[in-house]
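My notebook is open and I am ready to look around. Let me see what is there, one entry at a time.

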Amino acid sequence: LNAGFFSAVLSSKDEMREKALATAKQIAAKSPIAVYGTKKNLLYARDHPVNTSLEYAALWASAMLQSQDVLKAAMGVMSRQTPTFSKL
């Protein structure tokens with residue numbers, strides 16, 4: 001546990017299922033473009049050197065800034081309402 005490989009230690013399968021569903025709901029509430037981009041960047045970084053991974057992440061970030069999801073997320077924060085994002 002001290003090495004940081006686990007984010008939680010749960011006492012039962014039911015507790016694990018509840019935690020997994022809560023995490024899934026939290027991810028599902030995010031912008032689909034941001035979730036997809038995060039996954040693509042993590043997979044790319046796993047297989048490439050840091051410098052090229054950072055360039056790839058910068059390219060993705062600049063592309064994501066063109067999306068309406070950024071505006072929707074900002075408006076949601078300002079209005080304290082959950083934004084509704086478009087599907088991919």
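**Entry 1: aromatic pairs.** I counted two aromatic pairs, using the rule that rings of Phe, Tyr and Trp (its six-membered ring) pair if their centres lie within 6.5 Å. By that rule, planes under 30 degrees apart are stacked, over 60 edge-to-face, and the rest tilted. I looked up tyrosine 36 with tryptophan 60 and found an edge-to-face pair, at 5.8 Å centre to centre with 65 degrees between the planes. This pair joins distant parts of the chain, since tyrosine 36 sits in helix 2 and tryptophan 60 in helix 3, 24 residues apart.

A note on my sources: this is a predicted model, where local features need pLDDT of at least 70 and side-chain atom pairs count only at pLDDT 80 or more, while totals for chains, interfaces and linings use all residues. Residues are numbered from 1 along each chain as its sequence is written, and side-chain values use heavy atoms, with hydrogens and water left out.

**Entry 2: the other pair.** I then checked tyrosine 44 and tyrosine 56, which form a stacked pair: 3.9 Å centre to centre, 5 degrees between the planes. Tyrosine 44 is in helix 2 and tyrosine 56 in helix 3, twelve residues apart. Helices here are DSSP runs (H or I, at least four residues), numbered from the N terminus.

**Entry 3: buried or exposed?** I used these cut-offs: buried is under 20% relative accessible area, exposed over 50%, partly exposed in between (1.4 Å probe, protein chains only). Tryptophan 60 counts as buried because its relative accessibility is 19%. Tyrosine 44 is partly exposed at 22%, and tyrosine 56 is partly exposed at 21%.

**Entry 4: the two helices.** How do helix 2 and helix 3 pack? I read an angle of about 170 degrees between helix 2 (residues 32-47) and helix 3 (residues 50-64), with their axes 9 Å apart. Axes are lines fitted to C-alpha atoms over the stretch in contact, and angles run from 0 to 180 degrees between N-to-C directions. The helices are therefore roughly antiparallel to each other (angles over 145 degrees). Contact means heavy atoms within 4.5 Å; among the residues that meet are Ile33, Ala34 and Lys40 in helix 2, and Thr52, Ala57 and Met64 in helix 3.

Entry 5: Most residues other than glycine have a negative phi. Arginine 80 has a positive phi of about 60 degrees, although it is not a glycine. Arginine 80 lies in the segment after helix 4 (68-79) and is exposed, with a relative accessible area of 79%.

Technical notes:
Angles under 35 degrees count as roughly parallel, over 145 as roughly antiparallel, 65 to 115 as roughly perpendicular and the rest as oblique.
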